[in-house]
Amino acid sequence: MLKPILLVEDNPNDLELTLIALEKSRLANEVVVVRDGAEALDYLHRRGNYSERPIGAPAVVLLDLKLPKVDGLEVLRDARDTPSLKSMPVVMLTSSREEQDLVRSYELGVNAYVVKPVEFQEFVRAISDLGIFWAVLNEPPPGSVRYLPPKV
Amino acid sequence: ALLGIVLGRAEQMADMAEELGRANKELESFSYSVSHDLRAPLRHIVGFSDLLLEMESAQLSERGSRFVRNIKDSARFAGKLVDDLLSFSQMGRASLRPAAVDMNSLVALTIEKLEDEFKGRQVKWHIADLPTINADPMFINLALHNLLANAIKYTSTREIAEISVLAEQEHDGNVFHVSDNGVGFNMEYVHKLFGVFQRLHRMEEFQGTGIGLANVKRIIERHGGRVWANGEINKGATFSFFVPNTLPEG
């Protein structure tokens, strides 16, 4: 079973652009979309609407920084404080390179910090690189299932 | 009575310091949200324009495609303006973190970074042996980037561009000169060169936000140095800056 990619994004335009980019990168992983930090935590902790979902952390979380209700940094902190989510790859995907955000993200143990490129082609490349790296190339923490791409 | 005056003054000073701190905080959070919230919609405009050109170009007339490209260019330019203004304001506020800066490797790195800007053009670089100075590497990097990017830009009409970087040692610091054989400028307007949003060329000739040189000036002045320029129309320009050995306090 392929682990899904969890996309946490509140802005509808960003959501559409990111989904098109993911589609173009032809990753086989399912993409689960949640629209704010509270929903992301529900998904990660299998609560509320997500209490029935299969056990296991996503292959990677693509996390926006500014989110309604619970922001990206709070989601990250919560994940790092939860034993089962401690080693789950989290990538901040954000609009800007503000030093304070970078510092706080890394302090909280983010795995990567990506500023969304302005040009769509570059954005597609960034998303596709991220997906391939975290969902395919990266060796996940022990105990989780790694996706092996089918041999052509 | 004197004690009363002194105490009153001290209280006033404390109030002012508090007020200043508050204003600074406000400015900080203002530029923070500008950087996040203003960049996002500009990025969306560029993104959807790209998609329109890519996926629907069959439905678009040539004129329609041109309009979409104009939309995209304008949004991209607005994004650049936001970035440049933010960096200008940041260079005014952020504290200097001085370190030993090897200007040779910094120039080499900057040229490498700018490679895309002169791809397919003939550029002759004359880089002298440059000293190592005491300065904030990030700040100086940006100043050098702006000066070299300008030299590349304003020589774009030359068959062979010649750009040189020289240094002169003075008893209390170092002077650097960035010269080019580009379109130059009229010395009558030299006082406007380093102002924010001051441009000496029309947009169709040379693109730019009009912030680059203002930022160079700000960066060098934060180091206690100074900037100046010499040029002649169609005969190139030289931009010079002085960085003192001893940086100002704070």
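**Starting with chain B**

Select chain B to begin: of its 250 residues, 38% count as buried, where buried means under 20% relative accessible area, exposed means over 50% and partly exposed lies in between, with a 1.4 Å probe and protein chains only. This is a predicted model, in which local features need pLDDT of at least 70 and side-chain atom pairs count only at pLDDT 80 or more, while totals for chains, interfaces and linings use all residues. Residues are numbered from 1 along each chain as its sequence is written, chains are lettered from A and ligands numbered from 1 in the order in which they are written, and side-chain values use heavy atoms, with hydrogens and water left out.

Colour chain B by secondary structure and you will find five helices and seven strands, which are DSSP runs numbered from the N terminus (helices H or I with at least four residues, strands E with at least two). Read from the N terminus on, these elements follow the order α-α-β-α-β-β-α-β-β-α-β-β, and the C-alpha trace spans about 85 × 45 × 35 Å along its principal axes.

**Helix α5 of chain B**

Next, select residues 212-222 of chain B, which form helix α5, and look for its buried residues B:L213, B:A214, B:N215, B:V216, B:I219 and B:I220. An α-helix has 3.6 residues a turn, so residues three or four places apart point the same way. Among the elements that cover the buried residues of α5(B) are α2 (62-93), α4 (137-154), β6 (226-231) and β7 (237-244) of chain B. Following α5(B) comes B:G224, which has a positive phi, near 80°.

**Where the two chains meet**

Now show both chains: 23 residues of chain A are in contact with 18 residues of chain B, contact being heavy atoms within 4.5 Å. Between them the two chains bury about 1900 Å², 51% of it on carbon and sulfur atoms; buried area is the accessible area (1.4 Å probe) that two parts lose on being put together, summed over both. On the side of chain A, select A:K66, A:S95 and A:V118, which lose the most area to chain B and together make up 27% of what that side buries.

How many salt bridges does the rule find across the interface of chain A and chain B? There are five, a salt bridge being a side-chain nitrogen of Lys or Arg within 4 Å of a carboxyl oxygen of Asp or Glu. In one salt bridge, B:R43 pairs with A:D14, with the closest N and O atoms 2.8 Å apart. In another, B:E54 pairs with A:K24, and here the closest N and O atoms are 2.4 Å apart. B:E54 lies in helix α1 (residues 2-55) of chain B and A:K24 in helix α1 of chain A, so this pair joins two chains. B:E54 counts as partly exposed at 36% relative accessibility, and A:K24 is partly exposed with a relative accessible area of 36%.

**A pair within chain A**

Finally, select A:D36 and A:K69, which form a salt bridge with their closest N and O atoms 3.3 Å apart. The pair links distant parts of the chain, 33 residues apart, with A:D36 in the loop between β2 (31-34) and α2 (37-44) and A:K69 in the loop between β3 (60-63) and α3 (72-80) of chain A. Is A:D36 buried or exposed? At 9% relative accessibility, A:D36 counts as buried, whereas A:K69 is exposed with a relative accessible area of 70%.
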